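Please look through the following model and work through the questions and answers on its chains, helices and contacts.

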Amino acid sequence: MVEEFDLSGKTALVIGAGKSWLEPIAISLLEAGATVIVINQDKNRMPLCGGLASTLNQRFKGISVDLLDYRTLNQIAEQEISNWGKFDILVNSLNVRFAKPLIEIDYEEWRKVIDTNLTTIFTACKVFGRYMLKQKAGKIINITTCLGERGVPNCTAYGAAAGGVVQFTRSLALEWVKSGVTVNAIALGWIADLVEIPEERVERYIPMRRYGRPEEFTPLAVYLASPASNYVTGQVYFVDGGAMAHS
Amino acid sequence: MKTLRLNDKVAVITGGGGGLGRAMCLAFAQAGATIVVSDMRVESMNEVTEEVTKLGQKAMGIRCDVTKSFEVNQMVDKAISEFGRVDILVNNAGIVREQQPKPIWEITDQEWHLGIDTNLTGAFYCSRGIARHMIERHSGIIINIASGAGIRGIRDQFMYCSAKAGVILLTQSLAHTWANYGIRVNGVAPGTVRTFRPQEEYQKRGRFVPMGRVGEPEEISYLALYLASDASSYITGQVFVIDGGSLAGGYTPIDYAPIIPFEE
């Protein structure tokens with residue numbers, strides 16, 4: 001591996017409520033040499049990377065907590081910083097998909113969608129970014145989707161959260177640009193196992209005419225987490241089989 | 001990460017003798033690729049070719065003016081006959097911005113065509129030149145070096161901005177057309193990159209970049225390497241910006257950070 005892409009000795013936090021996006025990211029960061037701490041919402045959906053970590057001679061830790069519980073997260077941060085000394089990488093992720101006609105979305109649902117998908121990212125950046133500011137170094141990567149840039153019917157709430165992540169990323173990148181912390185986003189298209197659209201639409205809407213695989217976006221997370229990307233900040237990179245180039 | 005390797009791949013890098021071209025030649029070589037260094041500046045082309053060879057990789061310099069289609073076709077043929085195939089084409093050749101700004105009515109037809117030809121037509125000629133080869137092999141990667149100037153306008157940079165914007169849409173159209181032929185076409189859009197200008201100029205330019213500095217050629221080369229490798233196998237039609245935060249903002253001065261309290 002070109003050494004700029006190496007994550008040996010780095011501590012990475014991977015945060016989110018879903019399972020599918022956390023696991024491949026955790027695995028690729030482990031493989032690149034990082035120590036990985038996954039913080040998720042549901043104990044039963046925690047990725048099991050312990051075995052992999054020990055074969056790679058890396059460290060892995062899973063913590064389950066309410067991702068909106070600012071106080072508990074702060075306690076975790078204090079505890080983990082004393083364990084590992086520093087937080088080099090923070091990966092946040094959109095969490096819970098949701099689509100419904102606007103008229104039928106009630107306020108509680110709207111709040112829940114925005115909270116689990118956008119507010120959790122705000123919270124994690126606040127809690128863990130504080131340490132990165134002190135260190136004057138850090139790599140924040142927010143996982144969002146193409147819905148953050150393209151409209152889809154019934155995706156008002158989820159799309160607003162996804163678009164919120166995009167603008168959140170750009171603003172925070174500039175806010176922290178002088179502190180050595182980079183903030184970028186990965187926007188995913190149709191990734192297998194994580195989404196389903198009818199087959200004929202694959203043909204029509206994805207120039208590559210196939211779903212992506214998780215291992216096709218995780219290397220981008222490694223790049224954005226590594227020193228190789230030190231001049232990249234405030235950017236949203238799409239992994240979508242050509243979908244965004246489609247008119 | 002093994003997917004970031006370019007072992008046994010043959011890469012043609014146009015403008016390979018320039019600052020950014022050289023960095024990409026070296027990064028790709030370090031990742032295991034055979035490099036065809038193409039440039040019209042023979043001296044720097046030969047220097048880079050030698051540097052690649054010193055890294056233990058095969059390399060060949062081929063002189064080529066990308067604005068001349070017969071030279072482009074010859075260059076492609078020569079690369080294929082020497083190494084058997086071309087896996088990666090980086091359309092990097094171009095001229096960096098018009099040096100002396102002048103009123104638009106003083107720009108000659110010739111100057112316009114030179115700006116468009118080097119930065120846009122060259123990428124088209126090279127992509128056309130390699131197309132059959134890549135389509136027949138059902139495999140290939142094209143990386144176009146665009147620019148932030150192809151996304152937002154810059155004062156007095158008519159040819160440069162127009163050509164680079166063209167490169168971005170050329171990228172998308174090619175990607176779309178060939179997505180089903182195993183060919184990926186992507187772009188890299190750097191902000192200002194430190195190459196051959198006086199250091200003071202880069203220092204001055206850096207002050208208008210949120211990160212406070214211009215980019216280094218090596219930093220751009222890592223992104224190109226990623227896009228050239230199998231690590232990016234599901235990415236096509238994208239133009240990735242690498243600019244120290246410039247395009248994330250640009251809406252207000254870089255030090256503008258207001259505080260407005262929430263009022264109920």
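Q: Among contacts in chain A between residues at least 6 apart in sequence, what percentage join residues at least 24 apart?
A: This is a predicted model, in which local features need pLDDT of at least 70 and side-chain atom pairs count only at pLDDT 80 or more, while totals for chains, interfaces and linings use all residues. Residues are numbered from 1 along each chain as its sequence is written, and chains are lettered from A and ligands numbered from 1 in the order in which they are written. Two residues are in contact if their C-beta atoms, placed from the backbone, lie within 7 Å. Among the chain A contacts between residues at least 6 apart, the share that joins residues at least 24 apart is 72%.

Q: What radius of gyration does chain A have?
A: The radius is taken over C-alpha atoms, and the globule rule is 2.2 Å times the number of residues to the power 0.38. For 247 residues a compact globule would come near 18 Å, and the value for chain A agrees with this, being 17 Å.

Q: Is Leu52(A) buried, partly exposed or exposed?
A: Leu52(A) lies in helix α2 (residues 50–55) of chain A, helices being DSSP runs of H or I with at least four residues and strands runs of E with at least two, numbered from the N terminus. A residue is buried if 20 or more other C-beta atoms, placed from the backbone, lie within 10 Å of its own, exposed if 12 or fewer, and partly exposed in between. Because Leu52(A) has 16 C-beta neighbours inside 10 Å, its class is partly exposed.

Q: Which residues does Leu52(A) touch, not counting residues up to four places away in sequence?
A: The C-alpha atoms of Leu52(A) and Val165(A), 113 residues apart along the chain, are separated by 31 Å. With residues up to four places away in sequence left out, the contacts of Leu52(A) are Ile27(A) and Leu30(A).

Q: Which element gives the largest share of the side of chain A that touches chain B?
A: The contact takes 38 residues from chain A and 35 residues from chain B. On the side of chain A, the elements that give two or more residues are α5 (156–175), α7 (218–225) and β7 (236–239) of chain A. The largest share, four residues, comes from α5(A).

Q: At roughly what angle do the axes of α4(B) and α5(B) cross?
A: Axes are lines fitted to C-alpha atoms, for helices over the stretch in contact, and angles run from 0 to 180 degrees between N-to-C directions. The axes of α4 (residues 109–137) and α5 (residues 158–178) of chain B come within 8 Å, and they cross at roughly 15 degrees.
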